[in-house]
Amino acid sequence: MKSVLAVDDSRSLRQMVNFSLKSAGYGVTEAADGVEALALAKQQQFDLVLTDQNMPNMDGLTLIKQLRQLPGFQRTPILMLTTESGDEMKALGRAAGATGWIVKPFDPERLIAVVKRVIG
């Protein structure tokens, strides 16, 4: 089973991602912010990371930069799942190492389609 790390400070959004992806056969681990996500990533490998940008303690761009420094996460797909949809933010995301972008509010079917395309 492919595993996904879902990082968002919104509990309801994490639950929606969790429910959507579990129903499609993925394993999901949740983290409330970048600090928690980074700690989890140091303990276990994930096939995909989905992260919000605007979170307390550590934002999404900082998390991506930190993950890219871990040996197991240099090639792991990382998708930004955020309300930020401006070109400048997307450029910053790409520069930090983000693989792609999903704008909130998201459609669960589209989320599953993107995840399938990225990790199978």
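1. Let's start with Asp52: an unreviewed UniProt entry places the feature "modified residue: 4-aspartylphosphate" there. UniProt positions follow the numbering used here, feature names are shortened, and annotations may be inferred rather than shown by experiment.

2. A word on the model before going on. This is a predicted model, in which local features need pLDDT of at least 70 and side-chain atom pairs count only at pLDDT 80 or more, while totals for chains, interfaces and linings use all residues. Residues are numbered from 1 along each chain as its sequence is written, and side-chain values use heavy atoms, with hydrogens and water left out.

3. Where does aspartate 52 sit? The loop between strand 3 (48-51) and helix 3 (60-68) holds this residue. Helices (H or I, at least four residues) and strands (E, at least two) are DSSP runs, numbered from the N terminus.

4. Aspartate 52 counts as buried because its relative accessibility is 4%; buried means under 20% relative accessible area, exposed over 50%, and partly exposed in between (1.4 Å probe, protein chains only). Leaving aside residues up to four places away in sequence, aspartate 52 touches Val7, Asp8, Asp9, Gly60, Leu81, Thr82 and Lys104. Contact here means heavy atoms within 4.5 Å.

5. Now the whole chain. The protein chain has five helices and five strands, and along the sequence they follow the pattern β-α-β-α-β-α-β-α-β-α.

6. Of the 120 residues of the protein chain, 51% count as buried. Among contacts with a separation of 6 or more, 63% are between residues 24 or more positions apart.
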